[in-house]
Amino acid sequence: MNYNKIDDLSVNTIRALSADAVQKANSGHPGLPLGAAPMAYALWTNMRHSGKNPQWHDKDRFVLSAGHGSMLVYSLLHLFGYEVSLEDIKDFRQLGSITPGHPEYGHTKGIETTTGPLGQGVANAVGMAIAESFMADKFNRPGFEISDHYTFVIAGDGCLMEGISSEASSLAGTLGLGKLIMLYDSNRISIEGSTDLAFTEDVAARYRAYGWHVDEVSDGNDLNAIAAAIESAKKESEKPSLIIVRTEIGYGCPAKQGSASAHGEPLGTDNVRALKENLGLDPDSHFNIPEQVYEHMKIWIEKGMKAESDWNNLLESYSAAYPDLFNEYIKWHERDISETLKDLLIPEGYDKPVSTREASGSILNRLSATVGNLIGGSADLAPSNKTFMKNMGEFSASSRSGRNLHFGVREHAMASVTNGIYLHGGLRPYCGTFLVFSDYMKGAMRLSAIMGIPVTYVLTHDSIGVGEDGPTHQPVEHLSSLRSIPNMTVFRPADAKETAAGWYHALTCKDSPTSLILTRQNLPVFKESSDEALKGGYVMRDSDKEKPDIILMASGSEVELIYSAYDSLRELGIDPRVVSIPSFELFDAQEDEYREKVLPSDVRRRIAVEASNSSEWYKYIGLDGKFIKMEGFGASGKAPDLFRHFGFTVENVVEVAVRMINS
Ligand SMILES: Cc1ncc(C[n+]2csc(CCOP(=O)(O)OP(=O)(O)O)c2C)c(N)n1
Ligand SMILES: [Mg+2]
């Protein structure tokens, strides 16, 4: 392909449009769109995508990892025929607009992931590329390459400074993700100034060491050179590709070009004028898209529509040639799998005491047969997290059919890659580590919640029950921290049956991620536990009276304590109620009437027991209640000794209850 003047005009139109929008909003980041417009244009004119159907399963994926440059992508969406109007662009960064400050998945059609926290997009893209190769291996047949697309990322200096991109890129190199192509907007400027201040490494050498194919384009305005680099990256099928494009931040704006001040503030009206004059555009017109640019864009729009309709035809003949596979392909893209999972909640087969991580592992292995698109793994802790699916193979550079992923010791990338796998479509991913290391992946977990995507986190070793490994490995504040993330369902089951309910919820929920919080140590299986756990909280053992003397509540392993305290208290003539609350979010979502039935407001004597310091319990225990909790960090020792040492005993629960009754 040879680009010419009209393409340059299109690129400059993107620049002016982006600068106008930032100026009108009086907020935003003009520097990246000005510098990276040519690489983005060269990329979007080489991508297989169609604004008419951003949901097309086999479109090339695009991630703007440097999410602060959002105006670049909104300009592209508008010009390439997506549903972003000029009015939407004039509304940039305004409340309720579809052009928010950073790109938001599910908010603007054509935005494939939420970016802004730097580096996340790189890891999301690795997940998308994993998903693509897995789907290709599963569904493609000779002559029917129904999964055959690239995943493109534009990343900036900041993305490549962040540890998460190193973790993810290292993994991508090991996995040989040949259809992952990253364009690096190397303008050597970030907010505080030159990257010489803090980032002098040889990025090319680093990526070569990761096992990537690395190319460099010295002139970031050279559309043909960028397109040629993209072409050769596409030909490299064994390695992911990095194209380092030398650009200038704020390109075209004489007073700002090459300077950090172009990064994150409007250029100023005079500078916007100067930019347009410099680029040969009319300085007096705003949000102006020359008619010939719209006309020219039709070439690309039509090319995209044609590519999609070719693919639709391919899929149709595939459905005739391989009806079973086709049906499975469609099924995998369906969101509702409650029908497939209906047997999961049958309570038989759970009798012996078992840790909830072990229960989770056997449930997962049952699920792996029925939910063919379940895929996941751990950050090097599969034997501990019980996240391995037996006989389901291991995903690697040489085997794309494996459903067990090895993320290596890279929690942050793991969670973000898992988001990417889900966002690609077709798959139901999970990932696991110790609960205490959820801190290492919080950035990505928060994004799952913002995006409302149902990925599953398997977080084991959930308390001082870890034992000898000591306080570094014993979560205390983590439950509170996860419960405080809006739209994250935290589910801490009390036994194996509740664990099944947790998995059921995780896989049937459509719009939020789930964190399953599981024990290392064995727990009894209660005859009274049930799929009532799906309501988040339920009465496990009740008092004989209409109104119990006291309500004991707990989650997870501490349910065992209140369960036994119930018997001791009854011997003392006290009539308690035992409430298991595996999930605050699910309980809070119940009707008022149900919650009032479980926790009647006129029963003010309430005790919560949890080996954490999660202050969220106070909303259930009220001002008169008591929370038996962790006061500080744990310690190294045998788990039973630790529980005793920190006051998590039946005797202590009974004592606190008796004191409360007598007060
Ligand atoms: C994880 C994270 N840390 C910090 C920020 C704040 N931030 C936004 S852009 C930016 C600098 C990015 O520099 P670069 O990627 O080179 O972008 P450019 O200035 O070239 O547009 C920073 C620190 C962020 N968005 N995400
Ligand atoms: Mg930069």
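Author: Let's start at Ser133, which is buried, with a relative accessible area of 13%; here buried means under 20% relative accessible area, exposed means over 50% and partly exposed is anything in between, using a 1.4 Å probe and protein chains only. A word on ground rules: this is a predicted model, where local features need pLDDT of at least 70, side-chain atom pairs count only at pLDDT 80 or more, and totals for chains, interfaces and linings use all residues. Residues are numbered from 1 along each chain as its sequence is written, chains are lettered from A and ligands numbered from 1 in the order in which they are written, and side-chain values use heavy atoms, with hydrogens and water left out.

Ser133 sits in helix H5; helices (H or I, at least four residues) and strands (E, at least two) are DSSP runs, numbered from the N terminus. If you set aside residues up to four places away in sequence, Ser133 touches Leu177, Phe395 and Arg400, with contact meaning heavy atoms within 4.5 Å.

Now look along the helix itself. H5 (residues 120-139) and H12 (residues 323-332) have axes that come within 11 Å and cross at roughly 155 degrees. That makes the pair roughly antiparallel. For those numbers, axes are lines fitted to C-alpha atoms, for helices over the stretch in contact, and angles run from 0 to 180 degrees between N-to-C directions. The naming goes like this: under 35 degrees is roughly parallel, over 145 is roughly antiparallel, 65 to 115 is roughly perpendicular, and the rest is oblique. On the H5 side, Phe134, Met135, Lys138 and Phe139 meet Leu325, Glu328, Tyr329 and Trp332 of H12. By class, that contact has six nonpolar, no polar and two charged residues; Ala, Val, Leu, Ile, Met, Phe, Trp, Tyr, Cys and Pro count as nonpolar, Asp, Glu, Lys and Arg as charged, and the others, Gly among them, as polar.

Step back to the loop between helix H4 (86-90) and H5, and you find Gly116. Gly116 is partly exposed, at 23% relative accessible area. Leaving aside neighbours within four places in sequence, Gly116 is in contact with Ser65, Gly67 and His102. Gly116 and Leu447 are 331 residues apart in sequence, yet their C-alpha atoms are 9.9 Å apart in space.

The axes of H1 and H10 come within 10 Å and cross at roughly 175 degrees, so H1 and H10 are roughly antiparallel to each other. Here Arg15, Ala16, Ala19, Asp20 and Gln23 of H1 meet Thr269, Val272, Leu275 and Lys276 of H10. That contact has four nonpolar, two polar and three charged residues.

H1 (residues 5-25) also meets H3 (residues 70-79), with axes that come within 9 Å and cross at roughly 125 degrees. That angle makes H1 oblique to H3. The residues in contact are Ser10, Ile14, Leu17, Ser18, Ala21 and Val22 from H1, and Met71, Leu72, Ser75, Leu76, His78 and Leu79 from H3. Sorted by class, they come to eight nonpolar, four polar and no charged residues.

Past H10, the loop between helix H10 (269-278) and helix H11 (291-321) holds Phe287. Most residues other than glycine have a negative phi. Phe287 is not a glycine, but has a positive phi of about 50 degrees. At 10% relative accessibility, Phe287 counts as buried. Asn391, also not a glycine, has a positive phi of about 60 degrees. Asn391 is exposed, at 79%, and lies in the loop between helix H14 (382-385) and strand E10 (404-406).

Last stop: Leu569 in helix H19. Leu569 is buried, with a relative accessible area of 0%. Not counting residues up to four places away in sequence, Leu569 touches Leu552, Ile574, Pro576, Val654, Ala657 and Val658. Leu569 and Val658 are 89 residues apart in sequence and 8.0 Å apart in space, C-alpha to C-alpha. The buried residues of H19 also include Val559, Leu561 and Ile562. Among the elements covering the buried residues of H19 are strand E17 (550-554) and helix H24 (650-662). Just after H19, Gly573 takes a positive phi of about 80 degrees.
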